[in-house]
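Hi,

Here is the structure I promised to pass on. Have a look first, then read my notes below.

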Amino acid sequence: MKNYYYILLLFLTLSVGCDKDDICIEELTPNLIIRFYDYDNTNELKKVDLDSVYAKDMVAVDNYTSISIDSIAIPLDLNSDFTIYNLSSNNEVNQLEFTYAREEIYLSRSCGYKYNFEEFTTTQNSSTWIKDIQIITNLINNEEAAHIHIFH
Amino acid sequence: MKKLLIFIFFINIFSLQLQAQEEKTVDTVSKKKYIALRVGADISKPIISQFNKDLKSIELIGDFRFSKNYYAAVELGFTDKTTSEDYLTFTTKGSYVKLGVNYNAYENWKGMNNDIFLGMRYGFSHFSQTLNNYTPNAFGTYFEGNEIEVNSEFKNLSAHWLEFVFGMKVETLKNIFLGASISFNQMLTVKEPENFKNHYVPGFNRVFSNNVGIGFNYSISYLIPFTKKAK
């Protein structure tokens with residue numbers, strides 16, 4: 001009879017719950033991907049000498065300070081339907097305003113929800129070194145290709 | 001996995017029928033002495049509910065011995081559980097029923113009345129899922145999402161599953177049994193909420209990513225002495 005109590009006790013100790021086993025490996029909220037093209041030859045990528053890239057009233061985005069680059073990926077504000085970015089090149093600041101609708105997409109237990117950005121549009125609040133902007137897609141739901149092209 | 005469980009389930013039922021056929025040749029007097037009804041409740045769930053404000057649950061159990069080694073078993077329960085994950089919080093509320101059989105593999109000595117059993121259950125739950133809040137998830141920390149209160153309730157969800165149960169019941173006082181069991185659950189079908197997922201189902205417990213689950217049960221039950229033992 002005593003043996004039963006031991007086995008019962010073993011069962012009781014086994015009841016310690018299972019821990020979280022999921023790790024988040026899904027694609028999260030996509031960044032905005034911008035590619036820079038030559039204004040005179042619109043099929044040619046053209047590097048831009050960026051001093052810094054920063055959202056209004058915020059610090060500069062990592063990786064894009066004092067760099068010559070032909071494409072950037074920048075995050076959009078998750079708590080607002082618009083994001084204002086300043087793109088500074090050779091001490092000339094060009095301000096862009098991105099507006100969008102946020103659509104929540106369920107991913108998994110560990111990732112929760114991400115956003116897709118719909119009805120995406122861009123307006124130039126100031127125009128210095130950027131000569132033209134072309135929106136490639138109104139729906140930002142992945143980071144596989146450029147969402148807008150900037151000509152300079 | 002699912003096919004295997006269904007296979008085992010049918011084997012169980014098949015062997016049950018064989019058993020029933022064998023029984024026919026046995027005289028009714030000796031058959032009658034096996035008939036017994038036990039009712040009880042899970043004792044761990046109300047205790048856990050006392051200490052964990054995010055979990056309220058209750059479960060009633062019963063089994064009916066209809067032959068030497070076989071019991072028809074039933075569990076009825078209700079669960080109200082709030083689960084917090086890194087980027088969301090949800091509340092699951094609903095009731096469930098489990099029906100099945102236990103096979104007692106333990107050969108009792110004369111006068112003893114204990115079980116070490118294997119069993120199968122079919123489980124069904126009707127429940128609602130409330131997404132309380134979520135925090136939109138993005139790479140990096142440049143823009144971090146604020147927590148958003150949603151409180152949207154997904155009603156009339158349901159789930160069907162199979163359980164493979166292993167456990168024991170020990171008669172500690174006359175007609176009073178203490179039991180413990182572990183169940184391995186395999187989801188069959190589940191009605192999912194839109195743009196969300198059932199990560200917890202009453203009775204099934206946490207739904208792991210491969211649609212399996214695990215359950216524990218600690219019970220106290222009382223054997224109702226409603227039939228006179230035939231000598």
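Predicted model: local features only at pLDDT ≥ 70, side-chain atom pairs only at ≥ 80, totals over all residues.

**Chain A: the mixed sheet**

Start with the open sheet of 4 strands, ordered β4-β1-β9-β8 in chain A. Its pairing is mixed. The edges are β4 (71–74) and β8 (132–135) of chain A. Each of these edge strands pairs on one side only. Neighbouring strands in this sheet are turned by 20 degrees against each other on average, direction ignored.

Look at the β8 side. Strand β8(A) runs antiparallel to β9 (residues 148–151) of chain A, and 4 bridges join the two. One pair to click on: A:Ile135 has A:Ile148 in β9(A) as its bridge partner.

A:His149 also belongs to strand β9 of chain A. Is A:His149 buried or exposed? Its relative accessible area is 15%. The cut-off for buried is under 20%, so A:His149 counts as buried. Leaving out residues up to four places away in sequence, A:His149 touches A:Arg35, A:Tyr37, A:Asp132, A:Ile133, A:Gln134 and A:Ile136.

**Chain A: the antiparallel sheet**

There is an open sheet of 5 strands in chain A, in the order β3-β2-β5-β6-β7. Here the pairing is antiparallel. Strands β3 (67–69) and β7 (112–124) of chain A form the edges, each pairing on one side only. The twist from one strand to the next averages 45 degrees.

Within this sheet, β2 (residues 48–55) and β5 (residues 82–89) of chain A run antiparallel and share 5 bridges. A:Leu50 faces A:Ser89 of β5(A) across that pairing.

**The largest nonpolar core**

The largest nonpolar core holds 49 residues. Which of them touch the most other members? They are A:Ile72, A:Tyr85 and A:Phe98.

A:Tyr85 deserves a look of its own. Setting aside neighbours within four places in sequence, its contacts in chain A include A:Val53, A:Tyr54, A:Ala55, A:Val61, A:Ile74 and A:Pro75. A:Asn94, A:Gln95, A:Leu96 and A:Phe98 are also among them. From chain B, A:Tyr85 is in contact with B:Tyr142 and B:Phe143.

**Chain B**

Chain B has 3 helices and 10 strands. From the N terminus, its elements run α-α-β-α-β-β-β-β-β-β-β-β-β. Of its 231 residues, 47% are buried. Take the contacts in chain B with a separation of 6 or more: residues 24 or more positions apart account for 63% of them.

Strand β4 (residues 88–104) of chain B pairs with β5(B) in the antiparallel sense, over 17 bridges. There, B:Val101 stands opposite B:Met120 of β5(B). Strand β6 (residues 148–173) of chain B also runs antiparallel to β5(B), joined by 18 bridges. In that pairing, B:Thr130 has B:Glu153 in β6(B) as its bridge partner.

**Rings and charges**

How many aromatic pairs are there over all chains? The count is 15. A:Tyr37 and A:Phe151 make a tilted pair, 5.9 Å centre to centre, with 40 degrees between the planes. A:Tyr37 lies in β1 (residues 32–37) and A:Phe151 in β9 of chain A, so the pair ties together parts that are 114 residues apart in sequence. A:Tyr37 counts as buried at 12% relative accessibility. A:Phe151 is buried too, at 6%.

Ring pairs also build a cluster with members from chains A and B: A:Tyr106, A:Tyr113, B:Phe90, B:Tyr134, B:Phe154 and B:Phe196.

Last, two arginines over rings, in chain B. The charged end of B:Arg38 sits over the ring of B:Phe177, 4.5 Å from its centre. B:Arg206 lies over the face of B:Phe208, at 4.9 Å from the ring centre.

Best wishes

Terms used:
Residues numbered from 1 in each chain as written. Chains lettered and ligands numbered in written order. Heavy atoms only, no water. Pairing = 2+ DSSP bridges. Axes fitted to C-alpha atoms, helices over the stretch in contact; angles between N-to-C directions. Core = buried A, V, L, I, M, F, W, Y, C linked by side-chain atoms within 4.5 Å. Buried < 20%, exposed > 50% of the residue type's maximum accessible area, 1.4 Å probe, protein only. Contact = heavy atoms within 4.5 Å. Phe/Tyr/Trp six-rings, centres within 6.5 Å; stacked < 30°, edge-to-face > 60°. Lys NZ or Arg CZ within 6 Å of the ring centre and 35° of its normal.
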